[in-house]
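User: Please go through this structure with me and set each value against the definition behind it.

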Amino acid sequence: MLDSLTRRLAGILTGLRGKARLTEDDVNDMLREVRVALLEADVNFAVAKGFIAKVREKAVGEDIYGSLTADQTIIRIVRDELTELLGTAPPRFNYNPSPPTVILLCGLQGSGKTTTAAKLARWLINQGKKPMLAACDTQRPAAIKQLEVLGESVGVPVYVKLDKTTPVQIANEALARCKHLMLDVLIVDTAGRLQIDEGLMEELHQIYNNTKPSEVFLVLDSTTGQEAVHVAEAFHKEVQLTGAIFTKLDGDTRGGAILSVRSSTGVPVRFIGVGEQVEALDTFHPDRMAQRIIGMGDVMGIIEKAEQFIDKEEAEGIEGKMASGNLDFNDMLQTFRMMKKMGPMKNLLKMVPGLANAVPEEALDAINDKDTGRIEAIILSMTLKERSNPDIINGSRRKRIAAGAGTTVEEVNNLLKQFYGSRRGMKQMMQMQKRMGKRGRR
Ligand SMILES: Nc1nc2c(ncn2[C@@H]2O[C@H](COP(=O)(O)OP(=O)(O)O)[C@@H](O)[C@H]2O)c(=O)[nH]1
Ligand SMILES: [Mg+2]
């Protein structure tokens with residue numbers, strides 16, 4: 001996500017770090033580079049220009065030249081300005097005081113509306129809400145099926161009509177149904193537009209007027225670059241948008257539009273889509289994003305991800321076993337599965353401060369989730385008894401396990417060696433932590 005911009009900016013700012021006294025020329029050079037980096041990331045020209053002007057103005061205002069901490073000050077100014085650009089604090093989710101709350105999704109065809117509808121449903125479930133989906137894209141029958149399948153995978157009802165019912169009627173009926181079932185939120189998926197099209201806009205207006213949505217999200221494909229900003233401007237003129245959702249930020253996108261949309265339209269970015277799976281939706285935090293872009297990482301993001309995906313009781317069970325040195329292969333398998341839910345390791349590592357720019361992209365790419373896959377295969381070839389009691393794994397058992405996992409005895413030996421090594425290490429670490437009375441748990 002915005003990897004190349006992150007690399008560039010982090011690199012530029014790292015270059016400043018520790019320089020004894022910054023001159024105005026140093027800062028001007030730096031700002032020129034930042035401007036180029038922003039433009040290359042497809043940030044709107046006027047936005048980039050305004051950004052640089054503000055940073056320069058603040059640098060002068062804070063009288064940094066000649067100060068010993070000029071490097072830190074300028075990095076802070078850049079971070080704060082980026083946060084400002086991205087929208088300062090994230091707005092709270094707008095729930096209707098008398099439920100159900102209606103969320104209307106709109107956007108061009110293929111931007112990711114239907115996928116995002118399901119992602120939002122899942123997100124709302126995690127917030128303790130009971131959502132329902134309404135299939136108001138009647139243009140293509142396949143779209144209805146798609147929403148049904150996605151709805152089923154997250155476990156929410158999908159309101160569908162296959163006859164000639166109009167999208168507006170479907171929305172109305174779905175809302176009535178939602179009330180009847182006493183659900184909290186109705187998410188309305190609408191038909192795509194190839195471009196801003198009058199007929200479809202009219203349809204959107206009607207749904208808007210009938211269902212009175214509390215949130216109107218425009219779904220934008222981040223791979224379309226600046227075009228996304230134009231789309232946002234056009235839609236915002238038609239319906240009062242309450243937020244933008246950028247999708248496909250997992251790919252190799254320049255993503256500069258995400259930095260431009262708020263200052264160009266006033267519409268805040270609310271969520272970002274980072275994958276095709278229904279879990280791949282993150283709330284957008286301008287401060288964290290800014291922090292991340294300048295290479296300071298997103299520690300809060302990592303913690304939240306972990307908390308979201310790791311089952312607390314399971315984790316505590318494993319922790320207890322770690323302390324007593326009784327960890328076995330079942331626990332290892334369980335840990336892998338928890339980690340897998342958090343997505344590719346590479347993406348997680350990129351959120352670690354400093355790592356994103358300190359480690360070359362290729363090295364991160366080389367971190368292969370297949371490695372854990374191989375280890376998993378070996379563990380799966382063990383009998384349950386072997387998994388819970390690794391001490392019994394003798395030579396002939398090792399041979400059998402290797403054959404079962406399609407690997408060599410050497411690999412099995414390595415895994416066992418690693419296993420005993422880390423079991424010892426963990427036991428020592430946990431005991432030390434206990435002695436120090438610091439459990440690090442909230
Ligand atoms: N990689 C990636 N693909 C996405 C994301 N969101 C949507 N897609 C894909 O984009 C395509 C179009 O999505 P869809 O929801 O059907 O778009 P719609 O026409 O606006 O409803 C599908 O293949 C989705 O799987 C995302 O955040 N990341
Ligand atoms: Mg769709």
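Analyst: In the protein chain, 74% of the contacts with a separation of 6 or more are between residues 24 or more positions apart, where contact means heavy atoms within 4.5 Å. This is a predicted model, in which local features need pLDDT of at least 70 and side-chain atom pairs count only at pLDDT 80 or more, while totals for chains, interfaces and linings use all residues. Residues are numbered from 1 along each chain as its sequence is written, chains are lettered from A and ligands numbered from 1 in the order in which they are written, and side-chain values use heavy atoms, without hydrogens and water.

User: What makes up the protein chain in helices and strands?

Analyst: The protein chain has 21 helices and eight strands. These are DSSP runs numbered from the N terminus, helices being H or I with at least four residues and strands E with at least two. The C-alpha atoms fill a box of roughly 75 × 70 × 40 Å along the principal axes.

User: Why is Gln226 called buried?

Analyst: Buried means under 20% relative accessible area, exposed means over 50%, and partly exposed lies in between, with a 1.4 Å probe and protein chains only. Gln226 has a relative accessible area of 16%, so Gln226 counts as buried. Gln226 sits in the loop between β5 (215-221) and α9 (227-238). Neighbours within four places in sequence aside, Gln226 is in contact with Asp42, Val43, Asn44, Gly256, Ala257 and Ser260. Across the protein chain, 45% of the 442 residues count as buried.

User: How do you know that the length of helix α2 agrees with its residue count?

Analyst: The expected span of a helix is 1.5 Å times one less than its number of residues. Helix α2 (residues 24-40) has 17 residues and should therefore span 24 Å; its end C-alpha atoms are 24 Å apart, which agrees. The buried residues of α2, including Val27, Met30 and Leu31, pack against α1 (3-16), α3 (45-61), α4 (70-86) and α10 (257-265). Just after α2, Asp42 takes a positive phi of about 75°.

User: What makes α4 mostly covered?

Analyst: Twelve of the 17 residues of α4 are buried. Among them are Ile74, Ile75 and Leu82, together with Asp71 and Glu81. The cover over the buried residues of α4 includes α1, α2, α3, α10 and α11 (286-293). From first to last C-alpha, α4 reaches 24 Å, close to the 24 Å expected. Gly87, which follows α4, has a positive phi near 115°.

User: Which residues come nearest to ligand 1?

Analyst: A residue is near a molecule or strand if one of its heavy atoms lies within 4 Å of it. Of the 17 residues around ligand 1, Gly110, Lys113, Thr114, Thr115 and Asp250 come nearest. Helix α5 (residues 113-126) gives the most to this shell, with four residues.

User: How do you know that Thr115 and Thr114 make polar contacts with ligand 1?

Analyst: A polar contact is a pair of N or O atoms within 3.5 Å; within protein, one must be able to donate a hydrogen and the other to accept it, and residues adjacent in sequence count only if both atoms are side-chain atoms. A polar side-chain atom of Thr115 lies 2.5 Å from an oxygen atom of ligand 1, and one of Thr114 lies 2.7 Å from an oxygen atom of ligand 1. A polar backbone atom of Gly112 is 2.9 Å from an oxygen atom of ligand 1. Taken alone, ligand 1 exposes 580 Å², of which the protein buries 80%; accessible areas come from the Shrake-Rupley method with a 1.4 Å probe, and for residues only the protein chains shown count as cover.
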